[in-house]
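Here are a few friendly notes to read alongside the model. Take them one at a time, with the structure open beside you.

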Amino acid sequence: MRVQPELFEPVPLSVPLPPGGEEPALWVRRLTIWKEPGHPVRSIELRPGLNFIWSPDPADMGNQSEAGELGHGAGKTLFCRLLRYCLGEDRFAPEDQRLSIGTAFLNGWVSAEVVLKCSPWAVLRPLGVGRGHFAVQGVLPEQLFERLHEPTGMSPLIDAIEQQVITKKVTALMPVDQLHDAWRVALAWLTRDQECRFDHVLDWRAAESNSESPTRSMSRGRLQDAMRALIAAISPDEMQLQAEANTQGEELKTRQNEAARWQWSCEHLRTDVLRSLELPPTAVPEGRLGLEALRHAARQKLAQAAKTDDSVDVSNLDALRQRAREAATVVTDLEQQLAVANSNLPLHERLLKTLQAELPASSVRVRDAEVPACQICEVPIDRALAEGCKLSHKLPDLDGLRQRYEALQKQIDEKKTEVESTRTVVITVNRQLPSARTERDTLQQALKKAEKLSDSRSTAWRQGTKNLDDIQRLERDWQSWEQAQEKVAKLQEQIETKRERLGAYRDQQVEVFTRLSIYFNAIIRAAVGPTASGKVTLDGNGMKLAVQLGGERSTAAIESLKVIAFDLAVMCMSMQGTTRLPAFLLHDSPREADLGLSVYHRLFDVVNGLEGSSTSAFQYIVTTTTQPPPAFQQTPWLREVLRGAPPQERLLRCDLP
């Protein structure tokens with residue numbers, strides 16, 4: 001955006017107040033911590049204007065003799081979180097600390113008197129769980145203990161703030177999704193977390209604070225839009241245009257990723273095709289112009305795969321496989337016959353010898369039976385005498401012996417025939433087996449060669465057809481890549497057009513940022529010195545805070561000073577009534593370690609200069625370990641002194657379990 005050059009020396013900080021603007025639109029009169037209803041632990045009175053909650057560091061006070069006493073751990077940050085809690089934030093401490101406080105304060109409460117548009121509100125919220133929340137207009141917090149059975153929740157107060165201060169129009173512009181988030185976003189800005197360390201103008205809530213603030217999930221762009229809506233530096237048309245630009249920006253990222261994926265796919269697929277075709281990358285033009293050259297090379301390779309070898313018949317592989325199987329079966333059968341014959345022949349030969357050995361004995365027994373002898377005296381006798389012999393009347397069974405002899409001869413003849421048959425089988429198989437094996441091996445070699453050639457042709461054919469398919473897919477992918485690039489280019493053109501229109505809208509808001517820069521510059525000059533200057537600008541890259549002091553400065557202390565000065569400048573505009581924020585500010589220990597004490601003190605002199613004689617149009621609450629300027633270490637500015645030890649001097653006046 002364009003800011004008009006300064007023609008005159010900047011004047012001291014002065015804020016003209018609108019009619020009726022002598023009191024802040026929202027401020028806190030009192031914060032009270034209750035051990036239980038009717039028993040307050042601590043009550044801190046606050047006022048419009050500058051308020052200090054001070055936790056002295058003994059080292060800063062020149063007193064290092066009190067062991068265990070620290071400026072930290074006294075409860076300054078807890079005070080800030082309890083104040084935020086009473087103004088509508090969901091939680092007042094991290095989970096572990098909430099459990100400890102809930103244990104120590106089983107029936108504890110925190111209350112606040114909030115003044116909204118000159119009307120008092122009573123807020124009462126539990127420190128434990130399981131109890132209701134209250135926000136009631138026109139009563140005191142103590143009176144709410146009489147109606148604990150009628151919780152109202154925080155909605156009445158937040159609704160009133162969004163209607164009377166932020167306004168419905170600005171609430172509708174806020175980039176939030178949930179009810180009451182518009183005020184909670186504004187509250188996060190007005191009451192920054194100490195954990196954010198005032199590092200960036202848009203850092204409002206740290207994750208470790210467990211505040212559940214909606215700002216924790218908001219991008220820097222949405223936070224900036226919310227800030228601009230609250231300081232009346234954005235219009236509904238610009239907000240709509242910005243939302244469209246943001247949507248298109250997200251779509252652009254998606255399309256760019258899509259184009260990158262198509263590009264990766266095309267490049268890798270082209271490399272694979274070139275490798276398959278055995279072509280160097282330089283042999284084919286890049287881009288879609290090389291597709292025809294790749295297709296021609298693939299067709300040639302496919303034609304080569306279709307060529308045959310005249311020495312090998314692959315016309316009927318099934319018949320060749322059948323012949324090879326049959327030849328192998330013949331060999332197997334012959335080998336089995338030979339094995340059986342070779343195994344049976346020795347057995348048959350041994351059995352034949354055994355039978356032949358029994359034949360003489362059988363012949364003798366028959367011959368002896370034909371001329372019997374007395375079994376007593378062994379003297380041959382004829383049959384007639386034997387029949388009449390009183391000593392030996394038992395004759396041999398000649399017929400049985402003859403039958404056994406004949407049977408033995410028959411077995412011998414059969415076994416001889418079997419032995420000869422087996423020997424014939426062995427001779428015959430041994431004669432047939434070599435030729436059968438030769439035929440089998442020949443057929444198997446022919447089959448192997450034919451199958452290898454067929455497989456080679458099939459592989460080459462499949463690879464050739466795959467190459468053609470890959471080239472066709474490459475053509476489709478290339479077309480998709482080009483379409484994705486066209487979409488990216490179109491979106492970039494549309495976004496650029498919207499950026500130009502957004503730049504025109506920002507130029508229309510030059511008055512707001514000029515006024516903001518005037519206040520920011522005055523605060524920087526008053527705090528740092530007349531040779532310093534500050535400026536707030538807004539361009540397409542976001543909001544920028546600059547401090548010039550012999551050149552632009554950017555250190556941790558300067559960054560912290562920028563944020564504090566910016567918040568105070570916006571507070572000045574709120575006092576003037578040109579923002580949709582209350583002139584309310586809470587800074588928790590805002591001093592960066594290396595921020596000069598004199599600069600730190602002069603900031604408070606600037607704020608004190610904004611106070612009126614009777615009342616002030618703002619409320620600025622500062623918790624600090626660094627001692628305030630001596631003039632402010634007393635009432636009405638110093639509202640409470642907290643110490644880390646003893647426990648009674650801490651905010652809750654006790655040790656937590």
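**Notes on the model**

1. L144 has its place in helix 3 (residues 141-144); helices are DSSP runs of H or I with at least four residues, strands are E runs of at least two, and both are numbered from the N terminus. With a relative accessibility of 0%, L144 counts as buried (buried is under 20% relative accessible area, exposed over 50%, partly exposed in between, with a 1.4 Å probe and protein chains only).

2. Before going on, please keep in mind that this is a predicted model, where local features need pLDDT of at least 70 and side-chain atom pairs count only at pLDDT 80 or more, while totals for chains, interfaces and linings use all residues. Residues are numbered from 1 along each chain as its sequence is written, and side-chain values use heavy atoms, leaving out hydrogens and water.

3. What surrounds L144? Leaving aside neighbours within four places in sequence, L144 is in contact with A122, V123, L124, F134, V136 and V139 (contact means heavy atoms within 4.5 Å). F134 lies 10 residues from L144 along the chain, and their C-alpha atoms are separated by 7.6 Å.

4. Now to the whole chain: it has 15 helices and 11 strands. Of its 657 residues, 46% count as buried. Among contacts with a separation of 6 or more, 70% come from residues 24 or more positions apart.

5. Helix 8 (residues 236-276) has 41 residues, which at 1.5 Å a residue should span 60 Å; its end C-alpha atoms are 59 Å apart, which agrees (the expected span is 1.5 Å times one less than the number of residues). After helix 8 comes E278, with a positive phi near 60 degrees.

6. Helix 7 (residues 220-230) packs with helix 8 at an angle of about 175 degrees, their axes 12 Å apart (axes are lines fitted to C-alpha atoms, for helices over the stretch in contact, and angles run from 0 to 180 degrees between N-to-C directions). Helix 7 is therefore roughly antiparallel to helix 8 (under 35 degrees is roughly parallel, over 145 roughly antiparallel, 65 to 115 roughly perpendicular, the rest oblique). D225, R228 and A229 of helix 7 meet E238, M239, Q242 and N246 of helix 8.

7. Helix 13 (residues 510-528) and helix 14 (residues 556-576) pack at about 125 degrees, with axes 8 Å apart. That angle makes helix 13 oblique to helix 14. Residues making the contact include L516, F520 and I523 of helix 13 and L561, F566 and M573 of helix 14.
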